[in-house]
Amino acid sequence: LKLQFLYFIGMLPRLYTVEDVAAKIKDGTIKNIGVLLGAGISVNSGINDFRSAKGLYNTLDVARLSTSAAQQAYIAEEPSRVVSKEVFEECQLPFLEVKRDFSLKLKDKVLKPTASHFMLKLLEEHGLLTKIYTQNVDCLETEAGVSKEKVFNVHGKMTTISCHYCRKEESFATFVDHLRHKVKDITGEDTTAPDKTEPMLCTSCGREGMRPDVVLYGEALDDSYAASLTENSDMDLLLVVGTSLTVAPLSELPNEVPSTCYRMVISKMKVGEDVGLKYGRGRDIYVPDDCDAALAYLAHQLRWSEDLKGYADRMSSMSSVYLDTASLLSQEDVSKPGRRVELVVTCKEDLSRVMLHSREATVEVPKVEVDFSSHITAGRPITIGGFLAEHQKQVQENMQMIMGQGSQSAVREFLEGLSSLHREESMPWSILVDDPAGDVTISSRDGDTEQVLRVTKFSLTPKEKRLMGIL
């Protein structure tokens with residue numbers, strides 16, 4: 001007797017790569033695309049993000065801020081406090097100093113949109129873009145030509161200015177003029193900047209309250225954000241670009257889209273698993289690459305590369321280099337398959353209950369074969385022991401689901417024995433093999449149980465391998 005079960009999440013065909021997403025756009029399956037943007041999309045414009053090694057919070061020298069020693073120490077404990085409501089209301093000066101360089105570069109048009117920003121414009125031109133939710137305050141989406149009504153600036157805009165206390169408005173030009181001539185440069189790059197910072201007073205109430213209309217930490221969003229979520233009922237794909245998905249409420253946006261909506265995350269670091277994204281198991285796709293590299297390649301797959309290149313003279317030079325990369329990749333052999341890792345456990349025992357892994361399980365009585373093919377090694381040399389060391393918790397949980405109640409101790413001992421049997425230094429194995437037609441299998445046998453690490457073919461272009469770190 002042989003039974004085969006397939007488990008589909010939301011009855012959606014699984015997508016794994018940028019190519020898969022492009023194919024669904026071209027065949028009309030994906031026709032309504034929403035976008036969630038974070039600071040990562042603007043890094044190639046010359047704007048540092050917040051939480052990376054070179055980001056604002058990790059490079060901020062609090063000793064240079066014009067405030068009390070007590071407030072400096074308070075900010076040093078948690079650098080994001082420099083843009084908080086609490087700190088601003090106590091002293092306006094640190095906020096002005098942190099925003100000086102950014103504001104001057106925006107006003108002087110030093111900061112230009114990236115290839116990713118212009119890709120958003122192309123999505124709109126092709127009638128695919130429904131809404132952009134951006135955490136950024138640089139307004140580079142509209143600078144690239146995206147319609148203002150398509151952009152929801154969740155955290156506000158740097159280019160509109162008002163008083164924190166009485167809401168008296170001021171022009172961006174006047175605000176930048178004050179920063180240029182009356183606020184010191186904490187980066188040390190502007191030799192023309194003054195040595196001392198002066199507050200910017202409101203001409204109406206007289207308080208030290210003038211600032212851009214951005215949401216400070218500790219401030220609530222207005223009701224318009226929650227109301228906008230009702231407009232996403234027809235969304236087929238949510239692109240999550242350059243965000244750590246750690247700041248609420250935007251971190252929950254992936255959970256506010258329909259269950260039939262694909263979610264593709266482009267980020268150098270894997271994010272979102274703590275808010276419910278499950279990569280490789282259905283509708284969630286993770287692309288570990290630079291935002292511009294990934295979206296330029298999506299444009300290439302959609303045959304939009306020439307249109308994107310048409311904006312090269314308007315985009316950041318750091319960004320435009322990715323346009324040629326996509327073109328060169330089109331000349332590579334795209335037929336050679338990549339490899340997927342599977343951990344297969346075969347046990348010769350009759351099981352009264354079988355719970356399926358979220359990809360696929362083929363069940364034979366009295367034999368059970370469990371497929372863990374959602375684990376991808378990204379091309380690093382690996383062994384069974386190394387593979388288990390990286391994924392042991394999830395593998396153990398999945399095995400216990402298959403083996404049923406009471407198997408926890410036995411599964412743990414089994415995995416520990418397998419890990420010790422195949423040490424990484426003694427039995428190296430790489431995902432990339434010379435023979436593209438055959439599978440690679442490493443196995444060990446202990447009594448009636450055989451443990452197998454198997455690699456099977458799956459379609460992956462050279463660019464996709466690069467996106468996943470395989471090349």
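## Packing of H6 and H10

In this predicted model, helix H6 (residues 115-125) packs with helix H10 (residues 291-301). The angle between them is about 35°, and their axes are 8 Å apart. H6 passes H10 in a left-handed crossing.

On the H6 side, the contact residues are Ala115, Ser116 and Met119. They meet Cys291, Asp292, Leu295, Leu298 and Ala299 in H10. Sorted by class, the contact of H6 with H10 has 6 nonpolar residues, 1 polar and 1 charged.

## Aromatic pairs

The model holds 6 aromatic pairs. One of them joins Phe88 and Phe95 in an edge-to-face arrangement. Their ring centres lie 5.6 Å apart, with 90° between the planes. Phe88 is buried, because its relative accessible area is 2%, under the 20% cut-off. Phe95 is buried too, with 2% relative accessibility.

Tyr279 and Tyr286 form a tilted pair. Here the centre-to-centre distance is 5.3 Å and the planes stand at 45°. Tyr279 has a relative accessible area of 11% and is buried. Tyr286, at 17% relative accessibility, also counts as buried.

Tyr133, Phe152 and Tyr225 form one aromatic cluster.

## Arginines over rings

Two arginines sit over aromatic rings. The charged end of Arg207 is over the ring of Tyr165, 3.6 Å from its centre. Arg211 lies over the face of Phe88, at 5.7 Å from the ring centre. Phe88 thus has Arg211 over its face and Phe95 as an edge-to-face partner.

Technical notes: Residues are numbered from 1 along each chain as its sequence is written. This is a predicted model: local features need pLDDT of at least 70, side-chain atom pairs count only at pLDDT 80 or more; totals for chains, interfaces and linings use all residues. Side-chain values use heavy atoms; hydrogens and water are left out. Axes are lines fitted to C-alpha atoms, for helices over the stretch in contact, and angles run from 0 to 180 degrees between N-to-C directions. Helices (H or I, at least four residues) and strands (E, at least two) are DSSP runs, numbered from the N terminus. A crossing is left-handed if the near helix is turned anticlockwise from the far one by less than a right angle, and right-handed if clockwise. Contact means heavy atoms within 4.5 Å. Ala, Val, Leu, Ile, Met, Phe, Trp, Tyr, Cys and Pro count as nonpolar, Asp, Glu, Lys and Arg as charged, and the others, Gly among them, as polar. Rings of Phe, Tyr and Trp (its six-membered ring) pair if their centres lie within 6.5 Å; planes under 30 degrees apart count as stacked, over 60 as edge-to-face and the rest as tilted. Buried means under 20% relative accessible area, exposed over 50%, partly exposed in between (1.4 Å probe, protein chains only). A charge sits over a ring if NZ of Lys or CZ of Arg is within 6 Å of the ring centre and within 35 degrees of the ring normal.
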